[in-house]
Amino acid sequence: MARKSTCLTGDKVGIQGFIDRFDDEVFGSAYSAAIYISRILRLPKHQSTVFVLGESGIETELESESISHIGGTDQAYNRLIEPKDYTAIASGEALDPSVGVVLAGLDFHVNYLKLAYALAYLKRGAKFLATNVDVTLPSAGSLFPGAGAIGAPLVAMMGGEKPTTLGKPSQAMMDAIEGKFKFDRARTCMVGDRLDTDIKFGIEGGLGGTLCVMTGVTRSETEWEGEEANIFPTAWVRELGDLRG
């Protein structure tokens, strides 16, 4: 949900009828990234701007922490690259010297120009962050490119350098959640539909249990029953409604 703000995510959760809508209880990866940038990185003022590969939800979360940003939904970047852009980017003329972070999230309008700018900033020393590493996301009964797929070209172009990830299964996100809500890990259960992010997040975070719901990426218990499996949920259900009995 890195493309959405906490408010929009709360709306969706409320509409689905699972829980009441409380925005301050929604802690998405985009919000986690904003908290990390503002309260942990503590960038110098002259290099505190974020170049965004992502949608308005990420921008909203950055703004909630008073973080300046460029890229993202700015229409100036949503176009084909032109010959003059190569020279301007290579020389630094087109670059904003205040950019200190490249933040990669789910971007429905990612293009060559945005990737060229992001690469240039990284090569000049900007911090490389990502909202999450999910390379696919489930929708309409199928799988589509996720936020991890947006940052993947940059990883390749930077020689395999991986971004600091602020979404599941990063424990930086778990620490941020605990810092805000002061919950008891031993009495907390992680519910999710993906073994390598959701369930791993709960296991590595030392939570009391994990529940895998078979409505997303993970569709069968055979995925953790093979000899090479190394992530095992505490329990699983076919769909969330099964918890109602």
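A residue is called buried when its relative accessible area is under 20%, exposed when it is over 50%, and partly exposed in between, with a 1.4 Å probe and protein chains only. By this rule F51 is buried, with a relative accessible area of 0%, and of the 245 residues of the protein chain 45% count as buried. The model is predicted, with local features needing pLDDT of at least 70 and side-chain atom pairs counting only at pLDDT 80 or more, while totals for chains, interfaces and linings use all residues. Residues are numbered from 1 along each chain as its sequence is written, and side-chain values use heavy atoms, leaving out hydrogens and water.

The protein chain has 8 helices and 10 strands, taken as DSSP runs (helices H or I, at least four residues; strands E, at least two) and numbered from the N terminus.

Aromatic pairs are rings of Phe, Tyr and Trp (its six-membered ring) whose centres lie within 6.5 Å, with planes under 30 degrees apart counted as stacked, over 60 as edge-to-face and the rest as tilted; the count comes to 8. The rings of F51 and Y77 have centres 5.7 Å apart and planes at 75 degrees, so this pair is edge-to-face. It joins distant parts of the chain, since F51 lies in strand β1 (residues 49–53) and Y77 in the loop between β2 (69–71) and α4 (83–91), 26 residues apart. At 12% relative accessibility, Y77 also counts as buried. F51 forms a tilted pair with Y121, at 5.5 Å centre to centre and 45 degrees between the planes, and Y121 belongs to helix α5 (residues 112–123), 70 residues from F51. Ring pairs link F51, Y77, Y117 and Y121 into a cluster.
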